[in-house]
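Please consult the sequence and the model alongside the text.

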Amino acid sequence: MAGNLLDYDLEGLAAFCDSLGEKRFRAVQLYRWMHQKGQADFELMSDLAKSLRGKLAGVAEVRSLPLISEHVSADGTTKWLFDVGAGNAVETVFIPETDRGTLCVSSQAGCAVGCRFCSTGHQGFSRNLSTGEIVAQLWFAEHRMRQTLNLKEGERAIDNVVMMGMGEPLQNYAALLPALRTMLDDHAYGLSRRRVTVSTSGVVPMIDRLREDCPVALAVSLHAPNDALRDNLVPLNRKYPIAELLDACSRYLQSAPRDFITFEYCMLDGVNDTPELAHELVRLVKHRISCKINLIPFNPFPASGLLRSSRERVQAFAQVLQAAGIVTTVRKTRGDDIDAACGQLAGEVQDRTNARVRLAQQREMQRAVIPIVVNGIRA
Ligand code: SF4
């Protein structure tokens with residue numbers, strides 16, 4: 001199979017062009033055609049030398065992901081399901097804002113972390129996406145939405161990317177890094193570092209790597225103010241407990257494009273949403289780290305056995321944080337009518353495979369390591 005040029009950041013593409021005996025400026029031309037104009041056909045890249053077009057034919061291609069389905073919500077949220085082979089699918093979601101839009105991108109088919117409230121986590125891990133498969137989601141969405149929104153030449157549909165789709169991006173770092181560089185590159189999508197967010201469940205060593213290699217905005221899935229509860233909700237906490245995680249966040253802030261870390265907190269009825277836990281969260285972060293807390297209404301799915309906190313409970317929790325001077329937002333639910341919560345559509349595809357069996361095996365292994373009971377729920 002021909003090499004996929006979406007796998008390369010600009011440096012990688014320049015090296016590839018060099019291997020064909022072509023100069024760097026040819027790589028820049030090619031990169032701009034692919035990412036800025038969305039062109040996949042070398043023959044239509046009109047200012048590319050004919051000799052280069054000839055060399056590319058047969059050895060390279062711009063390969064997007066096969067589209068399985070497109071769902072458009074009443075609020076304009078658009079969710080695509082892409083086929084990544086072997087019965088696996090990944091999801092990408094476009095969330096329209098007043099001006100442009102945000103794209104939620106997946107980094108893995110399934111996820112090995114196994115957070116209890118996450119539909120993707122319940123599917124188990126299948127495989128890492130390649131750089132090209134990560135970038136293809138943005139490539140497809142940007143050019144699709146330009147057409148859908150009838151944008152003029154040079155206008156962009158997406159100005160915000162969040163690596164919050166399926167998968168733990170920092171467990172697929174080698175593929176993530178060139179993808180981030182393409183998102184930021186002025187010859188490609190030219191996104192601001194402040195508007196590209198990597199969301200992690202807390203892979204501490206890789207937070208440090210990201211700080212050194214490509215500091216973009218960072219969001220951390222916290223979901224609990226103490227280790228006992230977080231061990232239960234985010235199994236990775238057993239490896240990297242909260243104190244280590246917050247230290248890594250503090251180090252990250254020294255290079256981060258924003259002067260705060262966003263902590264995500266999924267509100268689970270009767271599990272992590274009490275006023276006492278809100279006060280504990282205040283004690284944990286106040287005077288320790290500059291942060292913003294994003295409370296997320298849980299999107300229930302049958303296998304989780306969990307319920308969404310009531311609106312009143314979320315508001316009460318938010319008030320405790322706000323009264324303590326912590327910037328707190330409650331995420332709007334978007335695209336409820338199309339199952340826009342991460343992993344829900346892909347889960348339907350995976351249900352036709354052996355995903356649930358794999359997950360059961362992974363969970364048994366986790367239980368064998370540390371059985372813990374918190375609020376009557378066993379991890
Ligand atoms: S919340 Fe993120 S890290 Fe946790 S299981 Fe889901 S995709 Fe994986």
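Q: Which residue forms a salt bridge with the side chain of Arg209?
A: A salt bridge is taken here as a side-chain nitrogen of Lys or Arg within 4 Å of a carboxyl oxygen of Asp or Glu. The side chain of Arg209 meets such a partner with an N to O distance of 3.5 Å. That partner is Asp213.

The model is a predicted one, in which local features need pLDDT of at least 70 and side-chain atom pairs count only at pLDDT 80 or more, while totals for chains, interfaces and linings use all residues. Residues are numbered from 1 along each chain as its sequence is written, and side-chain values use heavy atoms, with hydrogens and water left out.

Q: Why are Arg209 and Asp213 separated by about one helical turn?
A: Helices (H or I, at least four residues) and strands (E, at least two) are DSSP runs, numbered from the N terminus. An α-helix has 3.6 residues a turn, so residues three or four places apart point the same way. Arg209 and Asp213 are separated by about one helical turn because they lie four residues apart in helix 6 (residues 204–213).

Q: What is the relative accessibility of Asp213?
A: Buried means under 20% relative accessible area, exposed over 50%, and partly exposed in between (1.4 Å probe, protein chains only). Arg209 is partly exposed, with a relative accessible area of 38%. Asp213 also counts as partly exposed, and its value is 28%.

Q: Which strands hold Glu91 and Lys79?
A: The side chains of Glu91 and Lys79 meet in a salt bridge at 3.0 Å, N to O. The pair ties together parts that are twelve residues apart in sequence, because Lys79 lies in strand 4 (residues 78–85) and Glu91 in strand 5 (residues 88–96). Both residues are buried, and the strands asked for are strand 4 and strand 5.

Q: How many salt bridges does the rule give?
A: The pairs described above include Arg209 with Asp213 and Glu91 with Lys79. By the distance rule, the count comes to 16 salt bridges.

Q: Which element gives the largest share of the lining of the second largest pocket?
A: On a 1 Å grid over the protein atoms alone, a pocket is an open set of points where a 1.4 Å probe fits, with protein on both sides within 12 Å along at least five of seven lines; lining residues have an atom within 4 Å of a point. About 440 Å³ of space lies in the second largest pocket, and of its 19 lining residues the closest to its centre are Gln36, Lys37, Gly38, His143 and Arg146. The elements that give two or more residues to this lining are helix 2 (24–35) and helix 4 (131–148). The largest share, six residues, comes from helix 4.

Q: How many residues of helix 4 are buried?
A: Helix 4 has 18 residues and reaches 26 Å from its first C-alpha to its last. This is close to the 26 Å expected at 1.5 Å a residue, the expected span being 1.5 Å times one less than the number of residues. Helix 4 is mostly covered, and its buried residues number 15.

Q: How many charged residues are in the shell around the ligand?
A: The ligand is surrounded by Cys111, Val113, Gly114, Cys115, Cys118, Gly121, Gly167 and Ser201, each with a heavy atom within 4 Å of it. Ala, Val, Leu, Ile, Met, Phe, Trp, Tyr, Cys and Pro count as nonpolar, Asp, Glu, Lys and Arg as charged, and the others, Gly among them, as polar. The shell has four nonpolar and four polar residues, and the number of charged residues is none.

Q: What distance separates the C-alpha atoms of Asp273 and Ser309?
A: Asp273 is found in the loop between strand 12 and helix 9 (275–285), and at 1% relative accessibility Asp273 counts as buried. Asp273 and Ser309 are 36 residues apart along the chain. Their C-alpha atoms are separated by 7.1 Å.

How values were computed
Points joined across faces, edges and corners; volume = space filled by probe spheres on them.
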